[in-house]
Amino acid sequence: MKNILLLDDHPIIRKALEGTVRKVVGECIVVHAGTLKEAMTQAENYRFDMIILDLSIPGGTGAGMIQVLHKQSSGAPVLVCSGRDELHNAPHCISMGANGYLPKNASDEETETAIRTVLQNKKYLRPHVQAQILDNFLHNRTLLPNPMESLTPREREVLDLLIMGKWTKEIAELLNLKFSTVSTHKARILEKMGAENTVELYKKVEEYTNELKTSDQ
């Protein structure tokens, strides 16, 4: 009987994933964990055949958790299921040892395919991500896993002011820039961070900043 670990801090998501796992695997033991600490404890009690991991969990370190979980679970294949930007994070997760990357908005059918593929210890990535990885390789480009690292100095200045609650007009005055220039910077920041608006941008900045601090410790 297979043992599957679901590592996500949202119980409703774990419940949905459990249903899909049981549909694919059949009879199995599905273990839930909401934090990295819980997952490490569970890995001492079970020998897992697969781990489904969300990158944004309490006590987590993003893609850095993949190698930690690999070591703790004797190399169990890891399927990352995340809401983070796919093109930025999937290649990095694969390089860190993950067997697959699945967006949280994936259909039930695609989720089933990903689970089935990773259980066979194969790689699962969407075709456009595979194409991006190949293109990066051919052009010797490195795609940064943390989009904050891809921001220019000026974009970081604008971002800091946006997070402080400043409006576009205020930022233009403070930085002595044209309104249209700040608007362009703001649009690029939202695109790079994978955010639709400033509220979502604030959440992502908090998430990625915490991850950078953790990785530096």
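Predicted model: local features only at pLDDT ≥ 70, side-chain atom pairs only at ≥ 80, totals over all residues.

User: Which residue of β2 is the bridge partner of K2?

Analyst: K2 has its bridge partner in β2. Strand β2 covers 28-33. The partner of K2 there is C28.

User: Which strands sit at the edges of the sheet?

Analyst: The open sheet has five strands, paired in parallel, in the order β2-β1-β3-β4-β5. An edge strand pairs on one side only. That gives us β2 (28-33) and β5 (100-103).

User: And how much does the sheet twist from one strand to the next?

Analyst: Go from one strand to the next and take the average. The twist comes out at 20 degrees.

User: Which strands does helix α3 touch?

Analyst: Helix α3 (residues 64-72) packs on the sheet, and its direction makes about 155 degrees with that of β3. The strands it touches are β1, β3 (50-53) and β4 (78-82).

User: How are α4 and α6 oriented to each other?

Analyst: The axes of α4 (residues 86-95) and α6 (residues 127-138) come within 10 Å and cross at roughly 70 degrees. Angles from 65 to 115 count as roughly perpendicular. So α4 and α6 are roughly perpendicular.

User: How many residues of that contact are nonpolar?

Analyst: From α4 come E86, L87, A90 and P91, and from α6 come H128, V129, Q132 and I133. Among the contact residues, two are polar and one is charged. The nonpolar ones number five.

Terms used: Residues numbered from 1 in each chain as written. Heavy atoms only, no water. Axes fitted to C-alpha atoms, helices over the stretch in contact; angles between N-to-C directions. Helix = DSSP H or I, 4+ residues; strand = E, 2+ residues; numbered from the N terminus. Parallel < 35°, antiparallel > 145°, perpendicular 65-115°, else oblique. Contact = heavy atoms within 4.5 Å. Nonpolar A, V, L, I, M, F, W, Y, C, P; charged D, E, K, R; others polar. Pairing = 2+ DSSP bridges.
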